Every structure is written in structure tokens, then in C-alpha cells.
Amino acid sequence: MPTIREIRRRVRSVQSTAKITRAMEMVAASKMRRAQERTLAARPYAEKMRQVLADLAAQRRSGEEIHPLLVKRSVNRIAIIHITPDRGLCGGLVANVNRSVASFILEQRVPVTIVVIGRKGRDFMVRSGQEVRAEFTRLGDRPSIVDVLPIARIVIDDYTDGLIDEVYLSYTQFVTTMSQRPVLWRLLPIEPAAIEPGRNVDYIYEPSPDEVLAELLPRFVEMGLYHAILEAIASEQSARMVAMRNATDNANELIEDLTLTYNKARQEMITKELLDITGGAAALV
Amino acid sequence: MAKLRFEIVTAERAVYSDEVDIVIAPGIEGQLGILPSHAPLLTMLQPGELVVRKEGEETAIFVSGGFLEVMQNRVTVLADVAERAEEIDIARAEEAKRRAEEQLKERPLEMDLAAAEAALRRSLVRLKIAERRKKRPGSGGAQGL
């Protein structure tokens, strides 16, 4: 049985932990809101770009040379861009996304190159002895598209140089505040969406369809990557918010339990003292 | 007269969106004006000033490049970077201009001439738009989003 003073110290320490987790919960909540807004703000651009790309791709007649970023070739080596948080304390999020990418790597018959974003993923890849082509950490909570360009550059260059034949994106998709899902999809070669029926527009292209396409495709890759990073940040923050809320709840529960034990111990002590006094008094009579 | 539904978006945000009368854009093959009932068009943009006019009032927007699409009286600009006149950071543009000019003058060996020229052009356009706005306070587009 711990002494009264020990219990009191425990309560105080748990209380200060609860204060910290509560603060972290609130910080994560506001960052999450901002990340969600940014994901939404990026959507019109992405939508439009997909549409234009579909229109352009539909223009092609067979036999023409296609842009390198659209060519499917036999796969000798793939690359994965693995997006993770820099920081922990966000529940099972990091473990989930790492597990998802690990099982994908195990399924591959060809060598895999990793480009990793975020410290947690970097640590994981280094620990498991994967070949890491490049790492990007400390992108922060509000990366701009400019921060993403070097990452896109690396994979586009490696891809056009023939060092890699497919590029995948691995990150956590924001579903709701309570649920985030690890996803993995192919970024390169680009698969243009089919055009909506009845939308066959005969555009005037300036300077020419090919040149517009050549400008558009790298931007499409950058956009896909940027969007994935925004999703990952929104996921991270909401996972952290939920984890910290649970931590706060647990701390409060613990405080209640400890307070109860404390009160019991106190009462017991008083009873014992009273018994001593009455016993002492009885002995005097 | 029919109006154009004009929208300019970047990867990070929607910059401006409104019903306008005319759009004048810095197309890759030259300045182009777009009025309602324009044929479907998809063009690349060069760094420059994009002007929209609505009931006689003009709004200038800096674009660093990107794409412009016209379809059924809808004009959509996918810009790399876009800033409304009042958003332009004059000090930064001055600094960029000075730096680019210096590079072009000194021509260090490892320098990318084309990049420096492009940077110079961007800063000049930014400054031009910002200057004009200062001369006509009150106009230059405070409406929109």
C-alpha cells in the first residue's frame, strides 16, 4: 500500500501529463482543420488538370509517338515514394502506413527503390535495410507546392532516364477524423482518365497538343504528390488529435482512481489514529 | 451581353473567380483577348499580366505561367503562381530583380542564363502591376474571392 504522500505525488504528475496531452489535442485539432482546408483548396486545380489531361490524351491517334511519362514499359525496377509524419504520438498511424508499404515491397519480384518523406518512414526504411534513394524530412505542417518540386524532379528524372520503370505513392489517406487509411497507387506512368461521354471538345491548342501535354504532365505528377502530402498531413493531425484525446481521458480516469485510493488511505489513517487515542484513553482509566 | 465565367486557380488555392466581360491573357504565342462566345481553346501562358474587365473596372493579376482553357464561356486558368495586384510583395520583387540583373551582368560560369532571364522578367512584370496599382489607388481589383 503506497503512502498518502506517494499517492498525492502520483496524482499531481498525472494531472500535469493530462494538461500536456490536452494542449496537444487542441493544437492538433487546429492544424487538422487547416490541413483539411488546404486539401479542399487544392481540389479544383487537380480536378481541372485531370480533365484537361483526359481531353488531351483522347486527341491522340494511334501510331504517334507518346510522351515518356505516359509510356508503359516492362518493369525492371520500381520506386516508392513513402510519405510519413516527422513526429510520433499519433496512435497507430505510422505503424499502419509502414506495414502497408512493407507488405507491398515483399510482394515485388523486382528491386525497389525508396524515396521517403518524413522522419518516421526514414527511420523505418533504414532499420529494415531498404535502399533509400532520397529522403526529405521537416517539410512542416504547411508545405507549399515549391517544397514538393525537388521530390517530383527526382522521380521524373529517374523515370525518364530509365532507372526506374514505375513509381508508386504510399501515404495515409484522410477518410474521416476517426479513420485514416494507408493507400498505395501508381503515379508513373500516368494513366489518363477516360473522357466523359459527350465531352469531345475540339480545342485550339497553342502552341500544339504535344507541347501542351509535355508541359502538363510533369505538373500533373507534382500535383499528385502535393495532394498526397496534404492528405498525409491531415491524417497525421487527426490521428494525433484522437490519440491525445484518448490519453487525456485515460489520465483523468487514473486521477479519479488515485483520488479514491488516496481518500481511502486517509480515512484508514484517521480511523487508526482514533483507535490509538481511544485505546490509550481506555488504558488510563 | 453574355458574360464569361472566369476562374483562376493554383495548386494551393483559388485566387479569383467572377463573372467578367473580357479576359486579356499573356498567351505563349502573344497577348490574347477573350470575349464571350470564344472558340474552345487551350493555351500555355508565359509570365505576365492577366487583366480581367468587368463593367469597366479592371483587375490585374500576375501569373508566372500555366495554362488557360476556354470552353463554353468559361475561362479557367491553371496557374503555377498567381497574385492579385494588392498581394504582390514589392520589396521581394525588387530584390529578385536586382539579383537577376546582377547575375546577367556578371555571368558566373555555372549560371543558368535562361533561368536568370526568366526571373528578371517575372520580377519586372510584378513590379509593373504593383506600380500601376499604386498610381490608381482604389482600383486594381479588391473584389473577387
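# Briefing: how chains A and B meet

The contact draws on 21 residues of chain A and 20 residues of chain B. Two residues are in contact if their C-beta atoms, placed from the backbone, lie within 7 Å. This is a predicted model: local features need pLDDT of at least 70, side-chain atom pairs count only at pLDDT 80 or more, and totals for chains, interfaces and linings use all residues. Residues are numbered from 1 along each chain as its sequence is written, while chains are lettered from A and ligands numbered from 1 in the order in which they are written.

**The chain A side of the contact**

- Helix H1 (4-59), strand S6 (204-206) and helix H5 (209-284) of chain A each supply at least two residues of the side that touches chain B.
- Helices (H or I, at least four residues) and strands (E, at least two) are DSSP runs, numbered from the N terminus.
- H1(A) gives the most to this side, with 7 residues.
- By class, the side of chain A that touches chain B has 16 nonpolar, 1 polar and 4 charged residues.
- Ala, Val, Leu, Ile, Met, Phe, Trp, Tyr, Cys and Pro count as nonpolar; Asp, Glu, Lys and Arg as charged; and the others, Gly among them, as polar.

**Strands across the chains**

- S6(A) runs parallel to strand S5 (residues 41-45) of chain B, and 3 bridges join them.
- Two strands pair if DSSP finds at least two bridges between them.
- Ile204(A) has Leu41(B) as its bridge partner, and Tyr205(A) has Leu42(B).
- S5(B) also pairs with strand S8 (residues 66-71) of chain B, in the antiparallel sense, over 5 bridges.
- There, Met44(B) stands opposite Phe67(B) in S8(B).
- S5(B) is largely enclosed by the rest of the structure, because 4 of its 5 residues are buried.
- A residue is buried if 20 or more other C-beta atoms lie within 10 Å of its own, exposed if 12 or fewer, and partly exposed in between, with C-beta atoms placed from the backbone.

**Two domains in chain B**

- The domain assignment of chain B gives domain 1 (4-85) and domain 2 (88-135); such bounds come from an automatic or database domain assignment.
- The C-alpha centres of these two domains of chain B lie 23 Å apart.
- In chain B, 8 residues of domain 1 are in contact with 11 residues of domain 2.
- Strand S6 (48-54) and strand S7 (57-63) of chain B each supply at least two residues of the domain 1 side.
- That domain 1 side divides into 4 nonpolar, 2 polar and 2 charged residues.

**Backbone details**

- A cis peptide bond joins Leu188(A) and Pro189(A), with omega about -10 degrees.
- Another cis peptide bond joins Glu206(A) and Pro207(A), with omega about 0 degrees.
- Pro207(A) is found in the loop between S6 and H5 of chain A.
- Ser37(B) is not a glycine, yet has a positive phi of about 70 degrees.
- Ser37(B) lies in the loop between strand S4 (30-34) and S5 of chain B, and is exposed, with 11 other C-beta atoms within 10 Å.

**Confidence**

- The model scores ipTM 0.73 and pTM 0.83.
- Chain B has a mean pLDDT of 84, and 89% of its residues reach 70 or more; pLDDT is the predictor's confidence in each residue, from 0 to 100.
- Over residues 138-145 of chain B, pLDDT stays under 50.
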